[in-house]
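Here is a friendly walk through one model, with helix packing, salt bridges and a strand residue as the stops. Please keep the structure open beside the text as you read.

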Amino acid sequence: MKLAVIADDFTGGADAASFLKRKNAKVVLVTKIPHEQVDCDCLVFTLKIRSIPKAEAIESVKQVCEYLKSHPVEHLYYKYCSTFDSTPKGNIGPILDFLLEYYHLNRCIICPSLPENGRTVENGILYVNGTKLAESPLKNHPLNPMWDSYIPNLMKEQSKYSCLILNRKLFNSYSDNYSNKDKHYIIPDYVNNVDAQHIVKLFHNDYLFSGGSGLLEHLFQFRNNEHVFSAKHARKTIVLCGSCSKATKSQIETWISKGKTSYAINPNSNIENLYSYIQETDDEILFYSDAVFRDLTNTSRDSTFYSNAKKIESILSKLGICAYKNNFDRLIVAGGVSIPRTQSHSVHR
């Protein structure tokens, strides 16, 4: 295989797979460690590790690394949220440290940019639509509040190794002599496709990469002749949305304003009633968390909060299974959903 991707959640893995598929890669998305070799260019592991304790997250990543010992790949990409996790308890730094040490590497680039969605990095600062991360609406994220915008500061709280800023002015003069350096991370400017191409030119021989989905489509070229977007028109569509972001709220409002079928759910929703909505409709249908329309800024992050989040996630997952059994042939996952870890799934978009 050419590439393995370790994604920190299901939607992130699907996002990564989409960018690879756009480059004609033969992609397989899996929700657990396969028992055998998978025939593909790129194997995307969707791990449920974004907001779990460091030790648990590292153990999940280690299982992937152990699998890759017997099924080697040319490159490994650790895909995390393009808005990072700026809490000291965040596990991005510990996972990157583990990967450097596991593979006896000296460096890894950190590229959480996704310009298509307004996520960019310049001089080590992470921006969202031109606004510093910690000053954007994402600063109040219910699970991963964004407390800082300067990536070296975020990594300082999470990692044991230093970060080097690589300004685009230095792209052409950068000297690749890292073999004599201690372990470290490099944070290049990345605000557009031109930056991405420079980054690829500089680091294409590396084994390990990390960041958002944006860099993936620039890193690798594939020779698969499959016409990527030739899938038949979907007959029945379901959208499952557990995200409570500002962008998600706007999207849900647009859906509702167009008179499309939608149902708000909460931790106490009756699953049988929700099943009946799926079984009785042929329309496009959206299920979303009712928390998206509440102000969560000052919500206590106690055991009840996390318990309710898991209940919402579980309900949405069950709805996805129900939809599949009722001949829905397009499933759109918009955050806050986990897919049961039962079988491997090929990604077709």
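α8 passes α9 in a right-handed crossing, a crossing being right-handed if the near helix is turned clockwise from the far one by less than a right angle, and left-handed if anticlockwise. The axes of α8 (residues 271–279) and α9 come within 10 Å and cross at roughly 35°. Axes here are lines fitted to C-alpha atoms, for helices over the stretch in contact, and angles run from 0 to 180 degrees between N-to-C directions. Helices (H or I, at least four residues) and strands (E, at least two) are DSSP runs, numbered from the N terminus.

Which residues make this contact? From α8 come I271, L274, Y275, I278 and Q279, and from α9 come I315, K318, L319, C322 and A323, with contact meaning heavy atoms within 4.5 Å. By class, these are eight nonpolar, one polar and one charged. Ala, Val, Leu, Ile, Met, Phe, Trp, Tyr, Cys and Pro count as nonpolar, Asp, Glu, Lys and Arg as charged, and the others, Gly among them, as polar.

A word on the source: this is a predicted model, in which local features need pLDDT of at least 70 and side-chain atom pairs count only at pLDDT 80 or more, while totals for chains, interfaces and linings use all residues. Residues are numbered from 1 along each chain as its sequence is written, and side-chain values use heavy atoms, with hydrogens and water left out.

Another helix pair is α2 and α3, which pack at an angle of about 35° with their axes 10 Å apart. The crossing of α2 past α3 is right-handed. On the α2 side, K54, A57, I58, V61, K62, C65, E66 and K69 take part, meeting P94, I95, F98, L99 and Y102 of α3. This contact has nine nonpolar, no polar and four charged residues.

Now to the charged side chains. The structure holds 17 salt bridges, each a side-chain nitrogen of Lys or Arg within 4 Å of a carboxyl oxygen of Asp or Glu.

| Salt bridge | N to O distance |
|---|---|
| R50 and D9 | 3.5 Å |
| K48 and E313 | 2.4 Å |
| E101 and K160 | 3.2 Å |

R50 is partly exposed at 23% relative accessible area, whereas D9 is buried at 11%; buried means under 20%, exposed over 50% and partly exposed in between (1.4 Å probe, protein chains only).

K48, in the loop between β3 and α2, and E313, in helix α9 (residues 303–325), are 265 residues apart. K48 is partly exposed at 44% relative accessibility, and E313 is buried at 16%.

E101 sits in helix α3 (residues 92–102) and K160 in the loop between α4 (151–158) and β9 (162–166), 59 residues apart. E101 is partly exposed at 30%, while K160 is exposed at 57%. Elsewhere, E122, R168, D189 and D195 are linked in a network of salt bridges.

Leaving aside residues up to four places away in sequence, F45 touches A4, V5, I6, A7, V30, I33, P34, V64, Y67 and L68. F45 and I33 are 12 residues apart in sequence and 7.6 Å apart in space, C-alpha to C-alpha.
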